[in-house]
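Please walk me through this structure, starting from a single residue and ending with the protein as a whole.

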Amino acid sequence: MSDFLALAQAGVQQLSPYVPGKPVDELARELDIDPATIVKLASNENPLGASPKALAAIREALAELTRYPDGNGFALKQRLAECCGVQPNQVTLGNGSNDILELVARAYLAPGLNAVFSEHAFAVYPIVTQAVGARAKVTPAKDWGHDLSAMLAAIDADTRVVFIANPNNPTGTWFSAEALDEFLQDVPGHVLVVLDEAYIEYAEGGDLPDGLDYLAAYPNLLVSRTFSKAYGLAALRVGYGLSSPVIADVLNRVRQPFNVNSLALAAACAALDDAEYLAESRRLNEAGMQQLQAGLRELGLGWIESKGNFLAVDLAREAAPVFQGLLREGVIVRPVANYGMPNHLRVTIGLPAENARFLEALSKVLARG
Ligand SMILES: *Cc1c(COP(=O)(O)O)cnc(C)c1O
């Protein structure tokens, strides 16, 4: 019989699939408890629930469920172009921003070529790179964050893509406008810089650069963003890339014809109009960040400073047993050993009561030794 693992493309044979946060229903089955009693702080989801405006738009769009979605996403591209100060032909819509990362890899990477990214960076970068048979050049992190100088030094003639996340997941680390300026100036023009801003809405107003400010000057820049995090629409799968029109044209050639569904298109448009929801998401996140840090301090634990809606907690010991202990308490967080962080657990900032549940459960589990 043929060995269909050995027959897979070399990069795919080496791949480890993405490990998502444990679903609530799965834990409820395992513990035989009511799913409503479980707290999930494992996937950086927005604890607010979706925007009422988005929900209303979805209800309206349901009437057209028998039709294909608008394959060009006309309305959403228009809205995004207005919001972001670009032209509609600079927008690429994706089935989550994950899709955008994949389109970049499919269009620009191949065997013999490589992508540069950092240690402890988002797990999708190695997956999309290896999936197309390209090589991943992983640079060591500096204080858990991206070492942009090391990344520059890693670029060679075969590099086509550099993935940088600001802030990064799962570390929450970020780089300044000054650092990004210098980096973009020094990256060779043949290298596409993917600036992943999945959490930028949480970080606005701080010392983080806004990737959009660089688009005009850098035709080799693509900024990716998502409706999954601060906009609270993770289940719908909708994200976008902003770039020069040439790059958008190339990505459009390799995407699935109807990669964003009609409910997602409608909800995303409505979500962009709900400034109140976004402000409330941010406020809740800031308060929750304070609450978690105060609780961790009391427990004598450290963490990595974060600009996202999550915190990588330093347990100063192997985190896996603590993760298991938390599960038994009905609290799901995210182990990050697969990110080279065996002593950390990543916890998403939840509602005040959820954060309290997590802290209480953590205290209990740690007390058991
Ligand atoms: C969550 C996340 C994404 C993308 O999520 P989508 O749901 O696919 O839009 C991209 N990058 C980072 C760093 C993330 O954490």
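Which backbone nitrogen does the side chain of Ser-243 reach? In this predicted model, the side chain of Ser-243 reaches the backbone nitrogen of Ala-248, at 3.4 Å. Ser-243 sits in the loop that runs between strand β8 (239–242) and helix α10 (245–254). Its relative accessible area is 0%, and buried means under 20%, so Ser-243 counts as buried. When residues up to four places away in sequence are not counted, Ser-243 touches Gln-90, Leu-215, Leu-221, Leu-222 and Ala-248.

His-146 is placed in the loop between β4 (135–139) and α7 (148–154). His-146 counts as buried because its relative accessibility is 12%, and the cut-off for buried is under 20%. The side chain of His-146 reaches the backbone nitrogen of Ala-165 at 3.0 Å. Ala-165 is also one of the residues in contact with His-146 once neighbours within four places in sequence are left aside. As for Val-12, which is 134 residues from His-146 along the chain, the C-alpha atoms of the two are separated by 26 Å.

A search of the whole structure finds one cavity of 30 Å³ or more. The largest cavity has a volume of about 50 Å³. Its lining consists of Glu-45, Asn-46, Pro-47, Tyr-202, Ser-281, Leu-284, Asn-285, Asn-309, Ile-349 and Gly-350. By class, four of the lining residues are nonpolar, five are polar and one is charged. Helix α12 (residues 275–298) contributes the most to this lining, with three residues.

That leaves the protein as a whole. The protein has 14 helices and 13 strands. Its radius of gyration is 21 Å, close to the 21 Å that the globule rule gives for 369 residues, so the protein is as compact as a globular protein of that length. Along the principal axes, the C-alpha trace spans about 55 × 55 × 50 Å. Of the 369 residues, 52% are buried; Ser-243 and His-146 are among the buried ones. Among contacts with a separation of 6 or more, 74% are between residues 24 or more positions apart.

Notes
Residues numbered from 1 in each chain as written. Predicted model: local features only at pLDDT ≥ 70, side-chain atom pairs only at ≥ 80, totals over all residues. Heavy atoms only, no water. Helix = DSSP H or I, 4+ residues; strand = E, 2+ residues; numbered from the N terminus. Buried < 20%, exposed > 50% of the residue type's maximum accessible area, 1.4 Å probe, protein only. Contact = heavy atoms within 4.5 Å. Polar contact = N/O pair within 3.5 Å; in protein donor to acceptor, adjacent residues only side chain to side chain. 1 Å grid on protein atoms, 1.4 Å probe; cavity = no way out; pocket = protein on both sides within 12 Å on 5 of 7 lines; lining within 4 Å. Points joined across faces, edges and corners; volume = space filled by probe spheres on them. Nonpolar A, V, L, I, M, F, W, Y, C, P; charged D, E, K, R; others polar. Rg over C-alpha atoms; globule rule 2.2 N^0.38 Å.
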